[in-house]
Amino acid sequence: METKYLEEFLVLTELKNSCAAAEKLFVSQSTLARHMQALEDEIGTPLFDHSKKGYILNDRGRIFAAGARKIILAQEQCFSILHGLEEEAKVVRLCSQGRIIQLLIDFQRACPDYRIECHRPNRYLEELRAGRAEIAFVSDMLPLSPELACMPYYREEVLVLVNAGHPLAKKEAVSLEELRGERIISLWDDLICDDAFTELFHRSGFVPNPAVTVTAVDDLIQMVCEKIGIALIHGVEEKIPAYSGVCCLPLEPHLYYDMMMCYRKEAELSGAAKCFLSFAREWIESQRDLNPRG
């Protein structure tokens with residue numbers, strides 16, 4: 001039984017007029033009549049009261065119409081579910097602790113059919129285990145789980161931001177020891193604020209002195225300009241000269257960390273995640289050729 005005939009049958013029962021139904025269905029009246037006859041022949045019983053003018057349902061026709069509506073509704077629901085699964089299959093789920101915007105832009109240009117969902121994780125490993133993300137971009141400053149397959153994405157240098165009038169501003173580089181007692185301005189939910197940097201201070205023999213936590217980089221820089229404290233930043237030295245009254249200094253010895261692209265080794269990755277990984281690997285290699293890591 002063709003569902004097309006059922007759809008035509010329901011339109012005909014609604015309009016009760018073959019001319020109006022044929023016009024709505026974009027078929028000829030003779031084609032519509034032939035389809036209804038085929039439907040009755042397949043079922044083995046008349047559905048319309050042929051003693052009356054027009055298409056008026058008989059008792060069996062009314063029972064059949066109720067069932068036909070359920071069949072068409074079930075078909076629409078199945079199509080909707082399958083369409084939803086297709087859409088779901090085209091979603092790339094990521095979480096990131098760092099800057100991946102250019103990678104995302106280039107991926108979207110190359111693969112516009114895929115949709116990206118990316119959020120900043122509190123606990124990236126839990127996100128991967130729960131399936132809320134399939135790929136994570138995380139720092140290697142703290143040991144990474146052995147259950148992860150990882151690839152270096154980019155390298156960042158940790159820098160110190162101080163007011164231009166601060167005594168440290170005259171130096172070419174500063175040590176962590178020289179930051180002892182300094183009030184630290186931090187960026188909320190930023191990599192600089194995580195346990196790795198606290199651990200670095202501890203290794204230098206002191207606990208950092210937090211002053212203010214802000215939510216935007218501009219606010220952090222303004223705080224430094226106003227001599228509220230100093231800040232640790234990462235990999236943005238070229239942006240600082242736009243702000244007068246601050247100096248950006250490297251640590252001595254220089255401190256770098258790698259941002260890693262990771263996924264769980266035992267996870268069954270979706271097609272979307274595999275597509276993104278394949279693109280990202282080639283993209284990372286191309287960027288590395290352009291900007292060799294130090």
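Helices (H or I, at least four residues) and strands (E, at least two) are taken as DSSP runs and numbered from the N terminus. The structure is a predicted model, in which local features need pLDDT of at least 70 and side-chain atom pairs count only at pLDDT 80 or more, while totals for chains, interfaces and linings use all residues. Residues are numbered from 1 along each chain as its sequence is written, and side-chain values use heavy atoms, with hydrogens and water left out.

The secondary structure of the protein comprises nine helices and nine strands. Of its 294 residues, 42% are buried, where buried denotes under 20% relative accessible area, exposed over 50%, and partly exposed the range in between (1.4 Å probe, protein chains only). Contact is defined as heavy atoms within 4.5 Å. Among contacts between residues at least 6 apart in sequence, 72% join residues at least 24 apart.

A nonpolar core is a set of buried Ala, Val, Leu, Ile, Met, Phe, Trp, Tyr and Cys residues joined through side-chain atoms within 4.5 Å. The largest such core contains 45 residues, and F137, Y153, L179 and F276 have the most contacts inside it. At least two residues of this core are supplied by each of β1 (91-96), α5 (101-110), β3 (135-139), β4 (148-163), α7 (195-203), β7 (230-234), β9 (256-264) and α9 (271-290). Helix α9 provides the largest share, eight residues. With neighbours within four places in sequence set aside, F276 is in contact with V92, L94, L103, L104, F107, I135 and F137. Another core, of 19 residues, lies apart from the largest one and includes F9, L10, L57 and A68. In soluble globular proteins, nonpolar side chains tend to be buried together.

Helix α1 (residues 3-15) packs against helix α3 (residues 29-43) at an angle of about 110°, their axes being 10 Å apart. Axes are lines fitted to C-alpha atoms, for helices over the stretch in contact, and angles run from 0 to 180 degrees between N-to-C directions. Angles under 35 degrees count as roughly parallel, over 145 as roughly antiparallel, 65 to 115 as roughly perpendicular and the rest as oblique; α1 and α3 are therefore roughly perpendicular to each other. In this contact, K4, Y5, L6, E8, F9 and L12 of α1 meet L32, H35, M36, A38 and L39 of α3. By class, the contact has eight nonpolar, one polar and two charged residues; Ala, Val, Leu, Ile, Met, Phe, Trp, Tyr, Cys and Pro count as nonpolar, Asp, Glu, Lys and Arg as charged, and the others, Gly among them, as polar.

Helix α1 also packs against helix α2 (residues 18-25), at an angle of about 135° and with axes 9 Å apart. This arrangement makes α1 oblique to α2. Residues E8, V11, L12, E14 and L15 of α1 meet S18, A20, A21, K24 and L25 of α2, and the contact has six nonpolar, one polar and three charged residues.

Two loop positions were also examined. S145 lies in the loop between β3 and β4 and, at 15% relative accessibility, counts as buried. Beyond its neighbours within four places in sequence, S145 is in contact with Y124 and L125. P121 is placed in the loop between β2 (115-119) and α6 (124-130) and counts as buried at 6% relative accessibility. Not counting residues up to four places away in sequence, P121 touches C95, S96, Q97 and E127. P121 and A136 are 15 residues apart in sequence and 8.8 Å apart in space, C-alpha to C-alpha.
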